[in-house]
Amino acid sequence: MKGADRSRLPEVHGDPPFTFPPILKSRQPHGLGLWCIEESSLPLVSLLLVVPAGSASDPDRLPGLASLTGDMLDEGSGTRSAIDVHDAFARIGAHLEIEVAADTTLIGLTVLSRYLRQGLSLFADCVVRPSLREADVDRVRQLRLNRLVQLRDLAPAVADRAFMQMLYEGHPYGHLAIGTEAALREMSVADVMAFHASVCLPSRATLIAVGDVKAPMLAEMVEEAFSGWTRREDEAPEVGFDRALADPPPSSSRRLAIVHRTAAAQSELRIGHVAVARSTPDYIPLLVLNMVLGGQFVSRLNLKLREEKGYTYGARTSFDFRRGRGPFLMQTSVQTQVTAAAVQDAFTELQQVLGDRPVTTHELELAKSALTRGYARNFETTEQLARALAQLIVHDLPDHYYDQFPTRVREVDTASVARAASSHLHPERMLTLIVGDRPALESSLASIGLGEPAVLVPA
Amino acid sequence: MDIPYSQCFLDNGLRVIVHESRSLPIVAVNLWYHVGSKNEQPGRTGFAHLFEHLMFEGSKHYDRGYFHPLQEAGAALNGSTNADRTNYWEVVPTPALELALWMESDRMGYLLPALTPEKFQNQRDVVLNERRQNYENRPYGMAGMALVAALYPSDHPYHWMTIGAAEDLQAAALEDVQAFFRRYYHPRNASLVLAGDIDRDEGVQLARKYFDEIPGGPEVEPVVRTTTLRDESRILLEDRVELPRLYMAWHSPAMFAAGDAEMDLVADLLANGKSSRLYRTLVYERRVATDVGAAQNSREMAGWCQISATAAPGHALTELYEAIELEVDRFLHDGPTEAEIERGLAQAEAHFMGRLQTLGGFGGKSDQLNAYAVFLNDPGYLASDLERYRRATPATLVENARLVLGPGRVVLSLVPSGRAELAVAGSHPVEVS
């Protein structure tokens, strides 16, 4: 074989086809949905329970209740103390992962397949029969209060919290899952029990299992483990499952806000506005648009702020697609003295993509290729596959969604991206939030035309 | 449990390892250079990592950004530097494999002609911002620097962290880059793994096609330096944090050396997870700490073992210090229970199995093959690696823990600015920048 031809890059011929594995679905007597992918290359099974309620279902007076309830699941069950539960999981080399997001609570466990039966039994005990004892609630509450105290020092966390608060005032998306100190102090065991009872319903939940197990055997094991779960579909749930579908407050002007951080080495930036729900018909064109704007290393924003200016270690944009209308967001962390310049550059990029520098054919092709050609690598592990199924469930997507995704992306053209951009990007409504050293920033910020900053005091 | 592979060496010394696994139409390319921050000199720290950044800025025959053609081909890619090695990887759809090899070989063979002062300046600014973001502006971010600086004397290559000192980065010069490249970035100091939708013959042929033309370069002498810590050193660092945190650190066995796996198990049973001893006593029962952790940080030349705990509000670090010492002493006296050993083994097995799930990226099968190849000259070490854990007994755990967790150690009190009184008594302030 002859050596390399360095006069040009090797061509890349053809895209290998990708097929998502079959999804085997069944339903348990009490209504629990069961989705399974049989994948036996390694003796592992990943379980993931999807409960379609998260921090957006927090009662208005108790932000953080969903998350505290989630945390309580593995803190004791039946006669087992919290330590006994942790120990039982550790003996099978596993631990329960509980993730409370805005729209969902995901409870996950990956075990060696020979421990599947034990794993399922422990898993069901935690989900269906958590003890929720007062002493344990008090202990976990205190740990979360401590965590809140620590988050005050973490600039990205301060920025996320303040940004969502300002953008979604009075809306279920207006608080982070961890909630507030005042609400945490107020939560009682009764609140936790009531939330658990109204959200953790077999008729609403779906259990996903991916890995080295056959579907019929799985169904049998699940039935045994979850046998005590009772169907309560006739009871009206006390907690709204889809409260976040309500419209967020409108915003009509540009705003600037600062959270002061003494002698901060960098400014943490969040620039964005309320955007669209995952169900938008423009979802795919927006994904492509985001790739060009700030969704990959070679995006316009990262190339400008990092590779051209050296202002930052990285900059990105995202549409946070949720069941309700999530935010569009540009985020980065830049050295203090270039903060104003970085904000201006970010706005310039936005205005240009909407104005005289729309997405080019070349950029479009690059973005589409990046989204589709390496698609298979998103489905390598049992946990990746389980999470992919969770997306189908949370967003009511068809089974063939992943098989069709590459084709649907390839159909996007510059016109549909331009349309999606002008419908969903609004520079005139952006909220710009900075966590940084205010005295060092004030004079330069005055020059960028966003007006007088609102000065926020972190919660 | 193993990762089947075949291995050969090109004439220029490049090690080539191929692992075939056809479940998805992707190939992982994973290239290690056996150089890290331990090859740096005092006053010139942070250089290996800054160099890694420059590897993404274009080479002679494709003098534009490295990411563009690969992302267009559907690849995921990245690189990283630690004290002992620098790795680069791409995960590509099968038809883009040659593109990835072309790109990797071009920067191995022809980086310098494309390297300009502008690129150098720009990436130095990016790295300084990486340092601000991940260390200076992050709570507890400077603790690691204070610890390694106290664990190792100033001329020891583990005395500094891979990110380096800001003033050294400012002082770095383009000539340093060139000398560094010539010394370390060549086939004889590198190891290439191709894993996934490819067989041995094809892999070796393609490696030849793209890498054969690059000259071998000088043999790199291993860095050897030993040091001991006889007494306890109590140091104090103030930071913008609300809750003080205590760190205790000891010298420990090097990666894969006798006692390394045992200390890994000891660290887990002492302070990792909610079933660990320190979680139970400090967080769950006494509630004097809000979190605990431990790690056996094993590295090529030497390891260091660390226990840390963050104080709950209203508690000072002396209290944590005494509580940890009590638990450690109890462990050294009584040893682990059979249940703890059983738990440790189950966790090790699950952990090893989990690592077999991905072909590429950090920690995937290709990265593991390279780790075993570069550090042990044995790509097939995985089964023996797990065996190290399986052989552990209560007696070997306690024996190694007694050797490691002795009086020679560093105790770092990281406290909120202006609250030195929360530190362990007798701590002296240290500077890190």
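Start in chain B and select B:Arg277, B:Leu278, B:Thr281 and B:Leu282 in helix H10 (277–285). They meet B:Leu320, B:Ala323, B:Ile324, B:Glu327 and B:Phe331 in helix H11 (residues 317–334). Meeting here means contact: the C-beta atoms of two residues, placed from the backbone, lie within 7 Å. Helices (H or I, at least four residues) and strands (E, at least two) are DSSP runs, numbered from the N terminus.

Before moving on, a word on what you are looking at. This is a predicted model, in which local features need pLDDT of at least 70 and side-chain atom pairs count only at pLDDT 80 or more, while totals for chains, interfaces and linings use all residues. Residues are numbered from 1 along each chain as its sequence is written, and chains are lettered from A and ligands numbered from 1 in the order in which they are written.

The residues of the contact between H10(B) and H11(B) are six nonpolar, one polar and two charged. For that sorting, Ala, Val, Leu, Ile, Met, Phe, Trp, Tyr, Cys and Pro count as nonpolar, Asp, Glu, Lys and Arg as charged, and the others, Gly among them, as polar. The axes of H10(B) and H11(B) are 11 Å apart, and the packing angle is about 145°. Axes are lines fitted to C-alpha atoms, for helices over the stretch in contact, and angles run from 0 to 180 degrees between N-to-C directions.

Now zoom out to all of chain B.

Next, show both chains. How many residues of chain B are in contact with chain A? There are 67, and they meet 60 residues of chain A. Several elements of chain B each supply at least two residues of that side, including strand S5 (86–93), helix H4 (117–136) and H10(B). The side of chain B that touches chain A has 29 nonpolar, 20 polar and 18 charged residues.

Follow H4(B) across to chain A.

Strands pair if DSSP finds at least two bridges between them. Strand S7 (residues 255–260) of chain A runs parallel to S12(A), joined by three bridges; pick A:Val259 and you will see A:Leu456 in S12(A) opposite.

Select A:Ala386 next, in helix H13 (residues 382–394) of chain A. Buried or exposed? A:Ala386 counts as buried because it has 24 C-beta neighbours inside 10 Å. The cut-offs are 20 or more other C-beta atoms within 10 Å of a residue's own for buried, 12 or fewer for exposed, and partly exposed in between, with C-beta atoms placed from the backbone. A:Ala386 touches A:Ser46, A:Leu48, A:Ile208 and A:Val210, leaving aside residues up to four places away in sequence.

Last stop: A:Asp396, in the loop between H13 and helix H14 (401–410) of chain A. A:Asp396 has a positive phi of about 50° although it is not a glycine, and with 9 C-beta neighbours inside 10 Å it counts as exposed.
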